There are 2 protein chains.
Amino acid sequence: MSVLVVGSTALDSIKTPKAENPRLLGGSASHAAVAASFFAPVKMVGIVGKDFPKRYMDLYRKHKIELSGLQIAEGKTFHWSGEYETNMNNRRTLATELGVFETFSPNLPESHKNTPYILLANIAPSLQHHVLDQIKNPRFVVADTMDLWINIALSDLLKLIKRVDAFVLNDSEAKLLTNEDNILKALKKIHRLGPDYVIIKRGEHGSILSGPSGLFIAPAYPLQRVVDPTGAGDSFVGGLLGYLAAAKGSIEKNLRRAIIHGSATSSFCCEGFGLTQTTKITPVDIQNRVAQLEQMVKF
Amino acid sequence: MSVLVVGSTALDSIKTPKAENPRLLGGSASHAAVAASFFAPVKMVGIVGKDFPKRYMDLYRKHKIELSGLQIAEGKTFHWSGEYETNMNNRRTLATELGVFETFSPNLPESHKNTPYILLANIAPSLQHHVLDQIKNPRFVVADTMDLWINIALSDLLKLIKRVDAFVLNDSEAKLLTNEDNILKALKKIHRLGPDYVIIKRGEHGSILSGPSGLFIAPAYPLQRVVDPTGAGDSFVGGLLGYLAAAKGSIEKNLRRAIIHGSATSSFCCEGFGLTQTTKITPVDIQNRVAQLEQMVKF
């Protein structure tokens, strides 16, 4: 079955202690759609400006991402630039130029409205709502977010959390949202906001899933070299939902393996700037890391 | 088979944001010996002063810890006092009074010298060397350490690391020792110092074992409430070695399960001040958490 991915489509200029790369293909939807494409057919909804490089369109197409929902508007593509500190764990935004994103309204083509698996990648909660309003009978809806929306659009976000099956956020966002340092207490509070499944991303420490059958503690694939972690969270959730859309059986049965596949997929994202490494791999590379992770947690 | 535990035996005065508890039973040997005692017979080597409370002797005895190697000297028992910050991750030492520890020389009774499983709990590396010099044909030697010894006794510590089968330290200590932020690079550097097995403790994120058969990523047992994490690392390594000493088969075969048992044992340590919670539990309580951890990592 297919996955609908809605989120940002951007050009990222990224500086790390070792290198600087301007105008990479980025944005939550780009990372998530490419990650999901290793497992299932993907339709992507977003917006780019007339300046969007043709080579990035070709990259989407190489991954067989359906682009009829990608709007191409007069003006400039959303541009983000940021810088990472030495240990790659902290980053700061240098500039955000919204461009065509400022007036983005994610109106879905008719052909998209019956997609069973919906990924509301990181984007303003009001836009995530607008997408959900157009969807008919989805099988599974996942929403991701970021600290910005908890800070400036909390009311919209809380209404959104009620509407989704799974809500994904990282540990510092979970703390910000719930005012709880303890991860179990934070998980309980987020469940009370609505979703059956809550997934907390913990970067190099993996992730934790809380759902009807209890907790699942998932490892991250250990990397010798992190080149650029931008988009790793989007890649994680994209791989996760792509796997779920392709798997047979219940969500409950498949979600743990889906998380491991998301984890493996996102590990490649960290090994190159932007999407450079992720767009070089094949499903076999992901399977190899899943198999290694399986060995690494067995006891 | 039995375990020999050498380390500090202390009185700890601990302050957390919620409570303050003076003169608790503490020290690396106390925590490790009690933890190991749930699995195997334990001989403990340490030193206390004449002020050491009888009720703490009774606690050791309740856990069937063999005390002929525990010296009782004129003077005061080693006393440490420390304070934890709100999130319980950072602590600062308020006072350290060495007392009888200042002149401690861990001379082993004859009956201790053939113990097969040796735990050199956190203590000055020179004393860990002194113990190893007296041991005949050990089956498995584990050493723990702390940042202090990396800072003030590095040369002794490096010589010690060469002599042990497994070396245990936490993530910030691994970084301090190797000058590597990346955990895989740090592990490689520590292996080059000698030991076949390296275990890096990561607090609430569990631990990672590196050995001849690759990496093992172990979870921590998730806790709703951390009362006092003092001694959790000692408890982890004590439970680990106690399990190994009792298990049939090769070290290689048993080490992963040993780590999980250490993890489960140390979770109880965090749930009470000092050893108050650990000394209330039974082996069944540990087995229950091991079984839960098994469920939490399955996929």
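Predicted model: local features only at pLDDT ≥ 70, side-chain atom pairs only at ≥ 80, totals over all residues.

Biologist: What does chain A span along its principal axes?

Modeller: The C-alpha trace of chain A spans about 50 × 45 × 40 Å. Its radius of gyration is 18 Å, which agrees with a compact globule of 299 residues, because that would have a value near 19 Å.

Biologist: On to the strands. Which order do the 4 strands of the open sheet in chain A take?

Modeller: The order is S3-S2-S7-S8 in chain A, and the pairing is mixed. The edge strands are S3 (20-26) and S8 (91-97) of chain A, each pairing on one side only. From one strand to the next, the twist averages 20°.

Biologist: How many bridges join S2(A) to S3(A)?

Modeller: There are 5 bridges, and the two strands run antiparallel. S2(A) covers residues 10-15.

Biologist: And what is the bridge partner of A:Asp12 in S3(A)?

Modeller: A:Leu24.

Biologist: What do S13(A) and S14(A) form?

Modeller: A hairpin, with 2 residues between the strands. S13 (residues 207-211) and S14 (residues 214-218) of chain A pair in the antiparallel sense over 5 bridges. In that pairing, A:Gly211 has A:Gly214 as its bridge partner.

Biologist: Helices next. At what angle do H1 and H8 of chain A cross?

Modeller: Roughly 35°, and their axes come within 7 Å. H1 is residues 28-37 and H8 is residues 232-246 of chain A. The crossing of H1(A) and H8(A) is right-handed.

Biologist: Which residues of H1(A) and H8(A) meet?

Modeller: On the H1(A) side they include A:Ser28, A:His31, A:Ala32 and A:Ala36. On the H8(A) side, A:Val237, A:Gly238, A:Leu241 and A:Gly242 are among them. By class, the contact has 6 nonpolar, 7 polar and 1 charged residues.

Biologist: Switching to chain B. How far apart are the axes of H6(B) and H7(B)?

Modeller: 10 Å, with a packing angle of about 60°. This crossing is left-handed. H6(B) brings B:Asp171, B:Ala174, B:Lys175, B:Leu177 and B:Thr178 to the contact, while H7(B) brings B:Ile183, B:Ala186, B:Lys189 and B:Ile190. These residues divide into 5 nonpolar, 1 polar and 3 charged.

Biologist: Now the interface. How many residues of chain B are in contact with chain A?

Modeller: 21 residues of chain B, in contact with 21 residues of chain A. The elements of chain B that give two or more residues are H7 (183-192), S14 (214-218), H9 (251-270) and H10 (283-297).

Biologist: Which of them gives the largest share?

Modeller: S14(B), with 4 residues. By class, the side of chain B that touches chain A has 11 nonpolar, 6 polar and 4 charged residues.

Notes: Residues numbered from 1 in each chain as written. Chains lettered and ligands numbered in written order. Axes fitted to C-alpha atoms, helices over the stretch in contact; angles between N-to-C directions. Left-handed = near helix turned anticlockwise from the far one by under 90°. Contact = placed C-beta atoms within 7 Å. Nonpolar A, V, L, I, M, F, W, Y, C, P; charged D, E, K, R; others polar. Pairing = 2+ DSSP bridges. Rg over C-alpha atoms; globule rule 2.2 N^0.38 Å.
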